[in-house]
Amino acid sequence: MESVFWSDGVAGLHPYVPGEQPQIANLVKLNTNENPFPPSAQVLAAIATAAQSGLQRYPDPQSSELVHALAVYHGLNAEQVFVGNGSDEVLAHAFRALYVKQKPLLMPDISYSFYGVYAALFGIPCQAVPLNSELVVDVNDYLAIDPNSVAGVVIANPNAPTGVAISLADIERVLQHFGQVAVLIDEAYVDFGAESACKLIEQYPNLLVVQTLSKSRSLAGLRIGFVLGASELIDGLVRVKDSFNSYPLDKIAQAAAVAAFADQAYFEQCRDAVMSERAVVAAALEARGFKVLPSATNFVFASHPAYQGRDLLAALRERAVLVRQFEKPRIADFLRISIGTVAQNQALIAALDDILAQ
Ligand code: PMP
């Protein structure tokens, strides 16, 4: 459908496919990289307390307590922290604040799909840098580009949906080469085995690190993301935010997020369980003939030489197992499979055994 009432470019946007979030019980839901474990008991207690503490009043527009907690956790100042409704919103603010220029924004050709969506929404031209033959970001390809010709660089580390991480040394080379523009590193999955660029923030005034509480902190349902970086960059995001939604986080989300960062033991326990299950799932897939990319995330990206991705996706769906497949060149035969509980992962493997035996 198109409408004469719409702004230019809206017809080219695609509504989110609600099929990824079916509200049906008993599905083995391994399609959107949620944490299989619930939030910690301390988080649930903080939510109950927040709910009783005057929801008739607006929340703290600055999310001060959370910003302070994030600053302390990462060894930064409050001026170097920005929070929003999920990292999706935070990314949108960053794109608006930093990349609406006459030059293109550099990003991997296969990466998180929202980068392209936001660029299209805000009129930002993109320059896609292909992943190498192993489906990995090769920073040499970025270093070959004239830094004066671009508006900035966005890289997910680990990348999505491939799940492969690059080294901090490689990130540093990108930061140095593109010293005059903002380099955004999206670390949505960093806690599952990659090295965070947070420790480079004091050294590189052009670095922005985006993280989320949706994955390693089990809070996808509350929508909380944040950015860390030089105060000069954060100030740009704050200006965009204040002009758009000056109350980004509600009271419950603020309280839950503070409690999540206070419960380090639970975080480590869930993260370790996901990482050891990831090894089990990857080994089971390889034993069945799958090629599995080395994952530093809470999902694996795998393809089977005898099957098309869309056929495996459909066959798993018939067996009530939801995974993700992307109809994109080079990766169409891969499945992105989130790591679930032991029982969910076993159900996935049993369903695959059934399919492979047909
Ligand atoms: N970045 C990447 C690379 C992601 O995969 C996702 C989640 N799908 C996000 C950002 C957004 O996560 P959220 O909005 O839940 O914080």
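A: The account below begins with the ligand shell and then turns to the loops and the core. The model is predicted: local features are given only at pLDDT of at least 70 and side-chain atom pairs only at pLDDT 80 or more, while totals for chains, interfaces and linings use all residues. Residues are numbered from 1 along each chain as its sequence is written.

The shell around the ligand consists of G86, S87, D88, Y112, A156, A160, D186, A188, T212, S214, A220 and G225; a residue is near a molecule if its C-beta atom, placed from the backbone, lies within 6 Å of it. By type, this shell comprises five nonpolar, five polar and two charged residues. Here Ala, Val, Leu, Ile, Met, Phe, Trp, Tyr, Cys and Pro count as nonpolar, Asp, Glu, Lys and Arg as charged, and the others, Gly among them, as polar. The most is given by helix α3 (residues 86-98), with three residues. Helices (H or I, at least four residues) and strands (E, at least two) are DSSP runs, numbered from the N terminus.

A160, one of the shell residues, is joined to P161 by a cis peptide bond with omega near 5°. P161 is found in the loop between β5 and α6. A cis bond also joins N157 and P158, with omega about -5°, and P158 is located in the loop between β5 (152-156) and α6 (168-177).

In the loop between β7 (207-212) and β8 (225-229) lies R223, a residue other than glycine whose phi is positive, near 60°. R223 is partly exposed, with 19 other C-beta atoms within 10 Å; by this count, 20 or more is buried, 12 or fewer is exposed, and partly exposed is in between, with C-beta atoms placed from the backbone.

The largest nonpolar core has 105 residues, of which A94, V209, V227 and A256 touch the most other members. Such a core is a set of buried Ala, Val, Leu, Ile, Met, Phe, Trp, Tyr and Cys residues joined through C-beta atoms within 7 Å. Because domain 1 (20-38 + 265-356) and domain 2 (41-262) both give residues to this core, it lies between them; the domain bounds come from an automatic or database domain assignment. Apart from its neighbours within four places in sequence, A256 is in contact (C-beta atoms, placed from the backbone, within 7 Å) with P39, V43, A46, I47, L219 and L222.

Methods. Contact = placed C-beta atoms within 7 Å.
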